[in-house]
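This report walks through selected local features of one protein chain. Look over the sequence and the model before reading on.

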Amino acid sequence: MNPLLTQSLLAQLDPNQVQLPLPEDADRPARILQFGTGVLLRGLVDYLVDAGNRSGDFDGRIVVVQSTGNSKAQQWQAQDGLFTIQMEGFRAGNSEKGAIIPGSVCRVLAARDEWDDLLAYARDPRMDIVVSNTTEIGLHFKAETIGDTCPDTYPAKLTALLYERFKHFEGAPDKGWLVLPTELIAGNGSLLKSVVFQHIKGQNWPEEFATWVTANVHFCDTLVDRIVPGKPGDEEHAELERQLGYTDPMMVKSELYALWAIEGKPEWADRLGFVKAGKGAVLTEDITPYRERKLRILNGSHTLSVAAGHLAGLETVREMMADDVMGPFVERVILDEIAVGLPVDPASAQAFGKEVIDRFRNPFLHHKLLDITLQYTSKMKARNVPNFQYFLDHAGTGAPLMAMGFAAFLHFARPVKEDLGKFYGEWNGQSYLLRDDQASYWWNLHQNFDVQDVDQRRDFLTTVLTDEERWGMNLLSLGNFGEMVTAAYEDILTIGVRESVSKRLKVSDLR
């Protein structure tokens, strides 16, 4: 049995097998609070902060906060905040791979169990930056009284920490924070700021606090882009641990490409020193071009294709890209529909689209399609409803391949079983968990309509497509897009997913 990856083990490891943390990391101050323990933060943010430390452009470490439960916090803390990133991919046409242990995390704590410790970090003058990744639904307002105990939601926790900092430093202007949410929502910083101010208004606090936050706490819109599928498969994980000589349940895989674009003032470059390391962190006065290309092309195509891929019997993005039907579907939905409609430079959109296709084809990554369906409904709204409108504005018609992807999503999202508050879908006899906070909506909707009945199926689709609360607009207002979704939905029922996709690819070839 290999020993667990810990600080005491580092001296025994082979630096030719894995890039080790720097010895001086142990003396760096805690400067970043990171809300979230997920693979994206580990594989991107923690990696880029470590890169800044290695280059000498930054000098600080991260305190990771788990907001729900403490199992991940306990597991990670048992490894002294250490974990492995196995990076693999292509660069300049050549295959590259390598393992690194970032030294950027100094502590992992559970907010509920260690709230007093978290408040102490708010009183630390060296603590300067807050990062979060709470998925698309995490930046929402839930009314609650903020007192002496840990609040429920992340925005309320952040508000409480800001108030603690304001009181401790008596409103000192130089003690405000840079707040960097990484949730894949356009305007994520602006949204988080608005929710924090909703909490401030709901408390009996002095007006000077709101003034201090307005002037000295900067909520930055950011954009993150790196494919981090998570833990390697069991066999690969075991083989990597054998090669490296230690056990690491926190290990993640990632591609080589990395981008963290932060919208802010140029004079913040010293505070955000890791943006100078040249490894993918960027400080820019306008992240719009970065955000639109990434959110619409990479995330949008992921969201549009995974349901069809899963219902076609595929398990990973790699398998989907190698498939003789689904591979061309992903390529065409990117290059022929999403990229051509985007209100950005057409050449850059096409170039980025081709780069995304190559990244999806990365043979080293086993990104499970079901993992991409987390919070599927909200992702479809945030990432693709604008794409539907963009294409209509550009072409004067609905997008047939995007309509196909949306119809497959509707089939995928149908719950057929509820068990202890969890909902399950089923296709070709295979059951899968719907990890979607809106799964109860789909469950209730399917209790009212029997989609096996032609007339009720038509009423079901009309109800879904006209649900402005769900999508932010009436999708039947998008020209003939609704008709395309209806036709695709019917085809999936009668001829199956693969034939439905193939049929639309052939029609698209004739345009």
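The sulfur of Cys150 sits 19 Å from the closest cysteine sulfur, that of Cys106, which is too far for a bond. The cut-off for a disulfide is a pair of cysteine sulfur atoms within 2.5 Å. Note that the model is predicted.

**Cysteines**

A disulfide is a covalent bond between the sulfur atoms of two cysteines. A search of the whole structure turns up zero of them. Cys106 is in no disulfide, and its nearest cysteine sulfur belongs to Cys150, 19 Å away. Are these cysteines buried or exposed? Cys150 has a relative accessible area of 11%, so it counts as buried. Cys106 has a relative accessible area of 26%, so it is partly exposed.

Gln34 belongs to strand S1, residues 30-35. Its relative accessibility is 0%, so Gln34 counts as buried. Which residues does Gln34 touch, leaving aside those up to four places away in sequence? They are Leu41, Val45, Asp46, Ile62, Val63, Val64, Val65 and Val131.

Leu180 is in strand S7, residues 178-181. Leu180 also counts as buried, because its relative accessibility is 0%. Leaving aside residues up to four places away in sequence, Leu180 touches Ile129, Val130, Val131, Ser132, Cys220, Thr222, Trp260, Ile262 and Leu272. Asp371 lies 191 residues from Leu180 along the chain, and their C-alpha atoms are separated by 24 Å.

**Positive phi angles**

Most residues other than glycine have a negative phi. Asp80 has a positive phi although it is not a glycine. Gln375 is not a glycine either, yet has a positive phi.

| Residue | Phi |
|---|---|
| Asp80 | about 60° |
| Gln375 | about 55° |

Where does Asp80 lie? It is in the loop between helix H2 (71-77) and S3. With a relative accessible area of 29%, Asp80 is partly exposed. Gln375 is in the loop between helix H12 (369-372) and helix H13 (376-395). Gln375 counts as buried, because its relative accessibility is 8%.

**Helix H4**

Helix H4 covers residues 154-168, with 15 residues. From its first C-alpha to its last, H4 reaches 21 Å. That is close to the 21 Å expected at 1.5 Å a residue. How many of its 15 residues are buried? The count is 13, so H4 is mostly covered.

**Second largest pocket**

The second largest pocket has a volume of about 320 Å³. Its lining has 18 residues, and the closest to its centre are Gln19, Tyr47, Met87, Arg91 and Lys279. Which elements each supply at least two lining residues? Helix H1 (39-55), strand S3 (85-91) and strand S4 (94-100) do. By class, the lining of this pocket has eight nonpolar, three polar and seven charged residues.

Key
Residues are numbered from 1 along each chain as its sequence is written. This is a predicted model: local features need pLDDT of at least 70, side-chain atom pairs count only at pLDDT 80 or more; totals for chains, interfaces and linings use all residues. Side-chain values use heavy atoms; hydrogens and water are left out. On a 1 Å grid over the protein atoms alone, a cavity is a set of points where a 1.4 Å probe fits but cannot get out, and a pocket is an open set with protein on both sides within 12 Å along at least five of seven lines; lining residues have an atom within 4 Å of a point. Grid points are joined across faces, edges and corners, and a volume is the space filled by probe spheres set on the points. Helices (H or I, at least four residues) and strands (E, at least two) are DSSP runs, numbered from the N terminus. Ala, Val, Leu, Ile, Met, Phe, Trp, Tyr, Cys and Pro count as nonpolar, Asp, Glu, Lys and Arg as charged, and the others, Gly among them, as polar. Buried means under 20% relative accessible area, exposed over 50%, partly exposed in between (1.4 Å probe, protein chains only). Contact means heavy atoms within 4.5 Å. The expected span of a helix is 1.5 Å times one less than its number of residues.
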